[in-house]
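Here is a brief report on one model.

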Amino acid sequence: MLKYLVETYGCQMNYSDTERMEAYLDALGFIPTKDFEDADFIMFNTCSIRQKAEDRVYGQMKKMGQLKKQNPNLIVVVTGCMVRKSSSRYSVDRDKLFVSMPSLDIALNTDELPQLAKLTREINPNLKIHEIEEESLEDYFYITPTHTSHQSKAQAFVAISNGCDKYCTYCIVPYSRGREKSRSIESILKEAEGLVENGCKEMTIIGQTVNSYGLSQHDEEHKTFEYLGDKKPFVHLLEELDKLKEKGLKRVRFTSPHPKDMSDQLIDAMARLETQMPYLHLPVQSGDDRTLKRMNRTYDTKSYKEILKKLRKKIPDISISTDIIVGFCGETEEEFNNTYSFFKELAFEHGYLAQYSERQGTTAAKFIRDDIPKSVKSERWHKLNELLKENSRNALKRFKGKTVNVLVESQEAKVCHGRSEHFKTVQFNSGRKLIGEIVPVKITDSKQWLLEGELV
Ligand code: 5AD
Ligand code: SF4
C-alpha cells in the first residue's frame with residue numbers, strides 16, 4: 001500500500017482543496033501517514049501570496065532530496081498556487097519549477113487534480129493504483145472532499161467558487177487559479193445537506209471573492225443564474241443554506257468577500273437569516289484612496305465606510321475584521337497615515353496585516369516599482385500591529401459579564417477553545433468532552449486576543 005502525506009500552506013481555500021486531494025488519493029487506494037520518513041507519495045499544496053510562503057516550500061524540497069536517497073521510489077508532487085494556471089514569460093512556469101526543485105516529480109495545478117493518477121503511472125508504471133471513475137472528470141469540484149480540516153464533524157468548509165476576476169494589481173491569484181468559476185448551486189447544496197445530516201453545525205463557505213458567486217464573467221456568458229432575476233446568486237445560496245437549520249445547521253460563515261459585491265441585498269440577508277452570524281471579514285487592503293486606485297481595488301474609502309455603516313445599522317453589534325497590505329508600491333508616509341487613521345476610525349476588531357511582497361507576473365510587478373524599503377515596510381507593519389492589538393483588546397471588553405455560545409474546536413485536558421457568534425476565541429474549562437458542541441459560556445475576563453469564561 002502506498003502511503004501519502006499532503007502538506008498544506010496558505011488560505012482556507014488550500015485546506016479545502018487538500019480535502020479533495022485526500023479524497024482522491026484515498027480512492028486510488030493510498031493510505032495516509034503523518035510521517036515524512038514513512039511516506040511514498042508527498043504532495044505540497046502551496047501558496048504564492050507572498051515570497052515567504054514560497055520560500056518555505058523551497059526549503060522543504062531540500063529535505064525531499066535527502067528522503068529520496070533513503071526511498072528512491074518516493075514521488076514528490078507540487079500543486080496549488082506555485083503551479084501557475086498558464087505561463088507567461090513573467091511567471092514561474094512549470095519547467096522552471098523542475099529546474100529549481102530537482103526532487104520534484106509532478107507539478108500540477110489545483111483543478112488538474114483528476115490527472116494525478118495518470119501522471120503518477122507515468123512516473124512509475126509498476127505502482128498498484130485503483131482505477132477510478134473520477135480520473136476522467138474535467139472538474140475537480142466533482143470530487144467529494146474528506147472534510148478533515150477540522151477536529152469534529154460539527155464544522156466544515158465548503159468551496160463554492162475558484163479563481164478570481166478582480167485583478168488587484170499586487171495579487172497572484174488570478175494567474176495561479178485562473179478566472180473565477182462558480183460551482184453549480186445543486187452540487188453545493190447536495191454537499192451541504194450531506195454534511196448537515198452528518199452532524200455539521202457550522203459551515204464556512206469559501207471562495208476567493210466569495211460574494212461574487214454567480215457574477216463571474218464565466219457565469220454571465222453562460223447566463224447561469226439568469227432565472228433568479230434581480231436576486232443575487234450569493235444571497236440565494238445563503239437563503240437555501242439557511243433552510244438547513246431544520247436539519248441542525250446553526251451557523252453559516254463566509255470568507256472572503258470583496259467590498260464591491262457587498263450589496264444591500266447581502267447586508268439585508270446577513271441581518272435577516274438565522275444562520276448568519278454577527279461577524280464579517282471584509283478585506284480593505286488600504287485606507288487611502290490613491291493607494292486603493294493603484295491596487296485596482298475598484299472602491300474608495302467613502303464607499304467602504306458606507307458598507308460598514310449599513311452593516312452596523314442592521315446588525316448593531318457586528319464584529320468586523322479586515323486585511324491590510326502596508327508598503328505597497330509608492331505608499332507615502334501620508335498614505336500610510338491615512339490607513340492608520342482609517343483602521344482606528346472604523347474600529348476593526350481583528351485583521352491580517354501583510355507587508356507588500358512583489359509577485360512576478362502581476363500588474364504591479366510589471367508596471368509599478370516596489371520602492372518602499374524593507375525597513376519602512378516593517379516599521380509601518382509594527383505601528384499598525386500595535387493599533388490592531390489595542391483595537392482587539394478594546395473590542396473584547398464588551399463581552400465581559402455576557403453569555404456567549406461557543407462552538408468547541410479543541411480541548412486539551414480540561415481546557416477548551418472555541419469560537420463565539422462574533423468569531424471571538426473563547427477559553428474555558430470543562431471536565432466533559434465537548435469538541436463539536438455548542439455550549440453557553442459566561443465571560444469572566446478579556447485578554448488581548450481571547451475571552452475567558454465559565455461554562456453556564
Ligand atoms: N503582498 C502582500 N500581501 C498580499 N496579499 C495578497 N497579495 C499580496 C502581496 N503581493 C494579502 C491581501 C489579501 C490576503 C489574502 O493576502 O491582504 O487579502
Ligand atoms: Fe487577489 Fe484581489 Fe482576487 Fe482577492 S480580489 S484574490 S486580492 S485579485
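## Terms and basis

Angles under 35 degrees count as roughly parallel, over 145 as roughly antiparallel, 65 to 115 as roughly perpendicular and the rest as oblique. Helices (H or I, at least four residues) and strands (E, at least two) are DSSP runs, numbered from the N terminus.

This is a predicted model, where local features need pLDDT of at least 70 and side-chain atom pairs count only at pLDDT 80 or more, while totals for chains, interfaces and linings use all residues. Residues are numbered from 1 along each chain as its sequence is written.

## The helix pair

The axes of H9 (residues 264-272) and H11 (residues 301-314) come within 9 Å and cross at roughly 25°. Axes are lines fitted to C-alpha atoms, for helices over the stretch in contact, with angles from 0 to 180 degrees between N-to-C directions. H9 and H11 are therefore roughly parallel to each other.

H9 contributes Asp 264, Ile 267, Asp 268, Met 270 and Ala 271 to the contact (heavy atoms within 4.5 Å). From H11 come Ile 307, Lys 310, Leu 311 and Lys 314. Five of these residues are nonpolar, none polar and four charged. Here Ala, Val, Leu, Ile, Met, Phe, Trp, Tyr, Cys and Pro count as nonpolar, Asp, Glu, Lys and Arg as charged, and the others, Gly among them, as polar.

## The sheet

Five strands form an open sheet in the order E2-E1-E3-E4-E5, with parallel pairing (at least two DSSP bridges between two strands). E2 (31-32) and E5 (106-107) stand at the edges, each with a single partner strand, so one side of each lacks a neighbour in the sheet.

E1 (residues 3-8) pairs with E2 over two bridges. Lys 3 stands opposite Ile 31 in E2.

Note on methods
Chains lettered and ligands numbered in written order. Heavy atoms only, no water.
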